[in-house]
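Biologist: I am new to this structure and would like to go through it with you. Could you put it on the screen?

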Amino acid sequence: MKQIIRITVGLTVSCLIAALLMGSVFIVTDKAKKHNEHVNVQETMLGLLGYTKSHPAPPDLSLYTIYRYIITDGDTSTLGYVLPVRKEDGAGYRLMVMDLDGQFVNQYALDLMPDEASEPTGRANALKEVVKPPRTFVYADATILATLGQKRLAYLLPGEFPGFKTFIHVMLALDPSFEILGLEIMEHEEDPGLGAEIKQDYFKNQFKGKTFEKVKDLHVVKEPLPVEYKKYLETGRGKASPISEGELETIRNTYQDKDIYALTGATISSKAVTDGVKNMVAKFAYRINRLDSVISAQHIPVAF
Amino acid sequence: MPATTKTNFQLVSNGILNENPIFRLALSMCPAVGISTTVMNGIMLGIAVLFVQVFSSCTIAAIKNYIHPRIRIPTYTLTIATWVTVIDLVLAAYMPAAYKEMGIFVKLIVAFAIITMRLEIFACKNSVSSSFWDGIGMGLGFMFGMVALGFVRELLGMGTILGYDVLGVRPLLFFVLPAAGFFCVGIMMAMFNYMELVYNRKRRAKGI
Amino acid sequence: MNISGRNYLFSAILVIIGAFLIGGCATEHRFVKKTAFKDANQIIIEFAGPVDETWAGNPSNYTVYEEPDPDIKLNIQDIRLSADRKTVTLSFADPLNQNQPHILTANNISSEGKSLGTAILNVRKVYLGYLFSILIGAMIINNFVFTKYLGLCVFFGTSQKKSTAVGMGITFTIVIVVSAMMSWFLYQFVLQPYRLDFLQIVVFIGLVSLSVQAVDTILRKVNPLLFKAFGVYLVLVIANCIIIAVPLILADNSYNAFESLMLALGAGLGFLIALFLMSSVRERLELANVPPTYRGLPIAFVVAGLFALAFLGFSGMSIF
């Protein structure tokens with residue numbers, strides 16, 4: 001009997017010590033993890049816009065994030081956009097609700113600070129005060145608008161879609177006419193050497209420069225990548241270019257409207273990325289047009 | 001087995017050569033086959049295993065007198081699981097890119113037979129310092145095995161070493177596939193067997 | 001298990017399957033019998049009775065969107081009504097993303113002049129099909145031994161003879177199903193809500209040890225014969241990477257209970273298949289003339305490599 005008590009006590013004590021150790025490590029590393037992630041995302045976004053360490057962003061470049069929620073009330077759903085408000089009008093956030101046909105419904109001021117807004121729980125708390133039960137809300141996605149002074153520079157869309165193995169997370173950059181400025185693969189679990197090659201320049205950069213019309217009809221062809229196109233895709237990022245400017249221009253024009261060349265041994269991954277990008281662009285273009293028309297019609301003082 | 005009489009250096013070299021976890025003891029082969037696609041992966045996982053092995057060995061050696069014999073295995077499991085969680089959290093926070101490459105394998109360290117076996121065979125009967133060096137030996141042996149495999153597979157499969165293009169061409173994609181992992185481990189094991197055969201033959205020739 | 005115990009188990013299984021079938025077939029409106037995807041870009045609706053042609057042929061009576069995107073309505077290109085006026089086929093311009101459930105609203109269904117109200121229907125691929133594809137996926141396409149290279153130590157240790165291989169496989173399947181379900185419960189209801197995700201590893205391995213103990217004790221009491229045959233393998237189960245990998249995967253992918261069950265079953269059965277195949281080959285290898293340095297494990301690894309190559313043929317397959 002005494003033995004069992006000793007064993008139980010011993011085990012409980014060790015469990016508690018272990019839990020304490022793990023808990024403290026978790027608290028310390030969690031902060032570092034979030035910080036590193038944030039820095040990584042910032043760098044990727046600036047990289048997509050063309051700014052690197054050697055060519056830093058100008059001071060009047062600003063990034064604003066719009067969060068989209070789906071608000072359900074019984075059988076009907078409406079869209080809620082959390083929009084950043086400009087400094088002159090308080091620099092907070094507003095929730096703008098519109099119905100599924102793009103008609104404005106209502107707007108509310110949100111009690112939200114910018115640093116809280118990047119945390120899902122912070123936003124949820126602010127929204128709970130405005131979207132009261134029986135209405136519920138669910139997070140849909142986020143869009144980042146980059147502005148240079150007063151002009152819209154680009155849209156940055158983080159997105160995820162199913163790949164060959166599990167999900168692929170990407171960051172897509174579009175210019176105001178929805179032409180693709182660049183694509184970055186943030187996370188994936190594809191096979192190394194096969195599907196993982198979607199991270200390579202010679203695949204990613206094929207999406208650069210595709211116009212909105214072409215993207216709507218983008219397919220994957222299972223042909224080998226032409227050598228000159230590969231050289232063109234891999235120039236950049238400060239590497240010395242083996243091709244002259246004029247040749248770069250001709251290559252760009254030849255391949256501008258061609259489909260995406262699939263990766264060797266990774267057709268499914270290539271298709272997954274192409275289809276994912278297609279869907280992201282189509283849905284985003286549809287939504288941002290509606291959002292812009294409502295914002296201008298209602299004169300909402302947004303920061304972008 | 002009574003407490004060891006080997007010197008610290010012998011403990012370490014034992015872990016790398018005589019009792020190499022992957023090639024001789026044939027334990028913890030899952031990552032050897034799966035993650036040894038690049039040298040970098042091998043190094044990272046090797047460091048993780050080294051960390052877990054050393055800390056677990058030292059912890060068990062330090063509290064070996066307080067462990068009731070009937071709850072030996074749960075205690076080992078709890079210790080290993082705790083240290084694996086710690087290294088998992090640390091790697092996820094400070095080296096996210098490398099951590100993603102290794103996927104689920106860092107968490108799976110808890111199921112590696114090598115660590116539990118080492119605790120059972122060595123740490124619960126030896127002092128903290130001997131356990132420390134033995135842990136280092138086993139960890140280094142594991143890392144050596146993974147790096148050797150990773151070297152061959154990365155070079156032949158992708159033409160790079162640690163990401164730097166060495167061959168300039170992509171030779172045999174086959175080596176990046178899991179099947180090649182099996183082949184390479186099998187062949188390397190055979191090589192180790194051969195070296196042992198030759199070594200024993202030489203010793204017998206010398207009349208030892 | 002005695003007779004009445006077996007009867008209970010049997011009826012329980014029947015009830016579960018029945019719930020599936022009923023749940024899969026019934027729709028949310030009494031007049032609509034069934035909705036389903038057809039080909040790459042069509043949805044068919046089957047009604048319980050004939051519908052009016054004018055109503056059926058009007059595209060504005062239907063709204064279709066993918067569940068997570070209620071604001072993007074899909075364009076209906078063409079509508080066909082069957083001869084008996086009970087089936088409507090909607091064709092769309094672009095191929096549908098059939099992995100995503102679609103919501104179809106049929107406004108004011110008009111049959112024989114009477115209005116039967118509005119039906120909000122959920123169109124999705126057969127759920128059983130999805131579950132089955134997880135099972136086959138874990139069993140063959142993503143076989144845990146040959147494609148995910150997990151569980152190798154035990155694999156090579158127990159694959160020398162067919163009898164040990166089969167014994168290990170069955171024991172393993174039982175333990176993994178039990179421990180995966182327990183892990184799922186704990187993860188859903190304790191770890192996740194309280195943000196204790198980092199305790200995953202400790203909790204899962206604790207549950208595995210618990211399940212092994214539980215299966216050990218139950219088997220000892222309920223069927224001593226079975227225990228004599230399989231009991232020995234129970235200890236080895238803990239050293240198997242797969243047993244930890246399965247709870248970790250279902251935590252990562254947020255599977256629900258049925259999907260977790262399928263994953264665990266698939267993993268166990270896949271392991272059994274792998275063991276069986278391997279042991280069949282190794283028994284023959286015993287009689288072959290293998291070079292001395294390759295005898296034992298090295299040649300076993302090479303054989304496993306050949307199997308892995310063969311299983312590579314399944315990669316990318318998707319049923320349903």
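Modeller: V110(B) touches I80(B), A81(B), V84(B), I201(C), I205(C) and I244(C), leaving aside residues up to four places away in sequence; contact means C-beta atoms, placed from the backbone, within 7 Å. This is a predicted model, in which local features need pLDDT of at least 70 and side-chain atom pairs count only at pLDDT 80 or more, while totals for chains, interfaces and linings use all residues. Residues are numbered from 1 along each chain as its sequence is written, with chains lettered from A and ligands numbered from 1 in the order in which they are written.

Biologist: How many residues has the largest nonpolar core?

Modeller: The largest nonpolar core has 127 residues, and V110(B), I244(C) and V246(C) have the most contacts inside it. Such a core is a set of buried Ala, Val, Leu, Ile, Met, Phe, Trp, Tyr and Cys residues joined through C-beta atoms within 7 Å, where buried means that 20 or more other C-beta atoms lie within 10 Å of a residue's own.

Biologist: And which helix gives the most to this core?

Modeller: Helix α4 of chain B, residues 72-94, with eleven residues; helices are DSSP runs (H or I, at least four residues), numbered from the N terminus.

Biologist: What does the second, separate core include?

Modeller: That core of 54 residues includes L83(A), V277(A), M280(A) and V281(A).

Biologist: Changing topic, how far apart do the C-alpha centres of domain 1 and domain 2 of chain C lie?

Modeller: They lie 44 Å apart. The domain assignment, automatic or from a database, gives domain 1 as 25-124 and domain 2 as 128-314.

Key. A residue is buried if 20 or more other C-beta atoms lie within 10 Å of its own, exposed if 12 or fewer, and partly exposed in between; C-beta atoms are placed from the backbone. Helices (H or I, at least four residues) and strands (E, at least two) are DSSP runs, numbered from the N terminus. Two residues are in contact if their C-beta atoms, placed from the backbone, lie within 7 Å.
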